[in-house]
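Please open the model in the viewer and keep the sequence panel beside it.

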Amino acid sequence: MDGRFVVPHGTELFDLHNPFTGAVIGRVRLGNEEDARDAIAAAKMAFPAWSRSSKEERVSLLKRMHDAVLARKDQLLEAIIVEYGAPVSRADWMAGHAANSFLDAARALQSYDLTQRIGNADVIMQPLGVVGLITPWNSNAGFICTKLAYALAAGCTAVIKPSEMSATQTQVLLEALHEVSAPPGLYNVVNGRGNVVGAEFTASPDVAKISFTGSTAVGKTILREAASTIKRVTLELGGKSPTIILDDADLSKAIPIAVQVGLGNSGQACINGTRILIPEARREEAITAIKGVIDELKSGDPRDPTTAIGPMVSQTQYERVQRYIRKGIEEGATLVAGGEGHPDGSSGYTVRPTVFADVTNDMVIAREEIFGPVLCVLTYKDEAEAIKIANDTTYGLHAYVLSADPARAAAVANQLEAGRIAINGAPHHPDVPFGGFKQSGIGREYGVFGLQSYLEPKALLGTVAA
Ligand code: NAD
């Protein structure tokens with residue numbers, strides 16, 4: 001806060017758990033409304049000078065932030081494993097991604113014209129002001145860094161409310177960033193509850209924008225509350241993404257990709273492709289292949305490099321997944337793999353990767369975001385029906401198309417209502433916009449689109465002779 005570590009005014013204590021064992025690993029003191037207001041005041045003080053900083057100053061700061069986080073990568077990786085339970089390989093990617101965000105934002109800024117000439121005008125892309133950044137537990141460090149990097153690149157200052165369940169990751173990051181001599185008040189972090197600290201940020205007339213990543217339910221609350229001050233919002237919300245396997249796909253290639261995108265981040269990713277659409281004519285073959293891949297996956301100890309699925313983050317999340325598995329059985333879907341309970345010999349919040357076949361798109365397990373390793377397999381008769389089922393959802397964050405013919409896959413992808421569509425397992429690219437259609441969100445992050453989301457165009461007419 002204002003360039004210093006301070007003891008919060010809030011007095012509530014909050015336990016942190018190791019999701020693999022369920023044991024309490026720490027206790028933190030949560031900030032309250034007063035802390036939130038102090039953070040906003042510090043960011044407001046810092047804004048005028050930072051908003052006038054040059055591109056070079058911003059790029060230099062972002063590069064130093066990258067170096068500082070990279071230097072603590074091992075510590076961050078350890079925090080992600082212990083506190084969140086991500087399997088080692090995933091945790092390694094997450095820690096690297098957090099550091100790289102600063103370079104991604106610097107690159108976007110360098111390539112971007114902050115003053116653009118249009119007709120008889122100069123259009124100045126002006127930083128919005130103080131921005132409120134709110135992150136979820138499933139990628140806390142990554143979202144703190146991504147949001148902060150693009151906000152600073154744009155010339156904004158920030159108040160940050162990380163997930164209260166991710167305090168160890170937040171601490172490691174802040175210790176790293178503190179080593180970079182940034183002007184005080186540029187970013188101010190209050191670890192506290194969403195309905196306390198997050199709500200204070202959302203209500204404040206001194207906060208120009210909220211960039212939120214989390215559930216659709218909380219996103220709706222923020223959107224409603226933001227209306228009273230006409231705040232700008234970026235909302236990155238939930239998903240129920242479809243993976244369409246076209247009838248020409250080589251299943252030996254397509255199924256491992258479908259399972260990977262379905263269960264990545266232990267099924268706790270907003271972008272998971274959790275509805276796998278297969279051609280009716282290839283039902284048996286596809287289900288056998290899916291079961292074959294799932295049976296090989298190890299769910300359990302995140303430190304074991306052979307583990308593919310780590311534990312769920314909390315007891316609440318564990319129970320949520322169990323509830324949906326029971327719901328799928330009640331609804332009459334066929335349990336092909338997994339089921340209720342822990343994998344053999346495992347404890348804590350570990351779950352069994354689960355696959356349901358004979359799912360219809362009106363079932364609860366096909367409509368609601370489960371946020372755990374539970375996949376639904378649906379069949380379709382022809383391409384048109386596949387597209388119809390894929391789009392029949394309130395969400396629209398991501399989709400996946402698999403085919404032997406990339407041009408055919410692209411034509412199908414073009415008819416899908418989603419912010420990002422990956423063809424044949426194409427990987428994430430940090431310069432490409434990310435965000436959702438429909439109830440998966442508003443706005444885009446990453447690259448130039450992400451940078452623009454912290455800028456407001458101001459037109460100076462008459463600066464250019466007619
Ligand atoms: P959540 O909505 O419960 O919490 C997210 C953050 O919002 C937390 O920091 C929380 O404290 C805060 N919050 C809660 N109530 C608030 C309020 N009234 N005002 C302001 N802030 C408040 O989500 P979660 O359980 O932490 O994360 C899981 C959800 O996040 C899933 O639905 C997932 O799909 C979504 N998610 C989306 C993306 C994306 O980019 N679209 C990425 C990751 C996760």
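Begin by selecting S266, which counts as buried at 2% relative accessibility; buried means under 20% relative accessible area, exposed over 50%, and partly exposed in between, with a 1.4 Å probe and protein chains only. The model is predicted, so local features need pLDDT of at least 70 and side-chain atom pairs count only at pLDDT 80 or more, while totals for chains, interfaces and linings use all residues. Residues are numbered from 1 along each chain as its sequence is written, and side-chain values use heavy atoms, with hydrogens and water left out.

S266 sits in the loop between α9 (251-263) and β11. Helices (H or I, at least four residues) and strands (E, at least two) are DSSP runs, numbered from the N terminus. Although S266 is not a glycine, its phi is positive, at about 60°. Most residues other than glycine have a negative phi.

Next, select K438, in the loop between β18 (420-423) and β19. K438 also has a positive phi, near 45°, and is a residue other than glycine. Its relative accessible area of 37% makes K438 partly exposed.

Move on to R282, in the loop between β11 (273-279) and α10 (283-295). Is R282 buried or exposed? R282 is buried, with a relative accessible area of 18%. Its side chain reaches the backbone oxygen of D247 at 2.9 Å. This is a polar contact, that is, a pair of N or O atoms within 3.5 Å; within protein, one must be able to donate a hydrogen and the other to accept it, and residues adjacent in sequence count only if both atoms are side-chain atoms. Not counting residues up to four places away in sequence, R282 touches L246, D247, D248, A249 and L251, where contact means heavy atoms within 4.5 Å.

Now select Y446, in the loop between β19 (441-442) and α15 (447-452). Y446 is buried, with a relative accessible area of 8%. Leaving aside neighbours within four places in sequence, its contacts include H97, Y150, R420 and F434.

Turn to the ligand and display its surroundings. How many residues surround the ligand? There are 28, and the closest are T135, E164, S215, L237 and E369; a residue is counted if one of its heavy atoms lies within 4 Å. A polar side-chain atom of W137 lies 2.9 Å from an oxygen atom of the ligand, and an N or O atom in the side chain of K161 is 3.0 Å from a ligand oxygen atom. A polar backbone atom of G194 is 3.3 Å from a nitrogen atom of the ligand. The protein covers 88% of the 850 Å² of accessible area that the ligand has on its own, by the Shrake-Rupley method with a 1.4 Å probe.

Select α7 (194-203) next. This helix gives the most to the shell around the ligand, with four residues. V197, G198, E200, F201 and T202 are buried in α7, and its buried residues pack against α1 (33-51), β5 (130-134), β6 (157-161), β8 and α8.

Finally, colour the chain by domain: the assignment gives domain 1 (13-237 + 439-461) and domain 2 (242-429), with bounds from an automatic or database domain assignment. Their C-alpha centres lie 30 Å apart. The contact takes 29 residues from domain 1 and 31 residues from domain 2. The shell around the ligand draws at least three residues from each domain.
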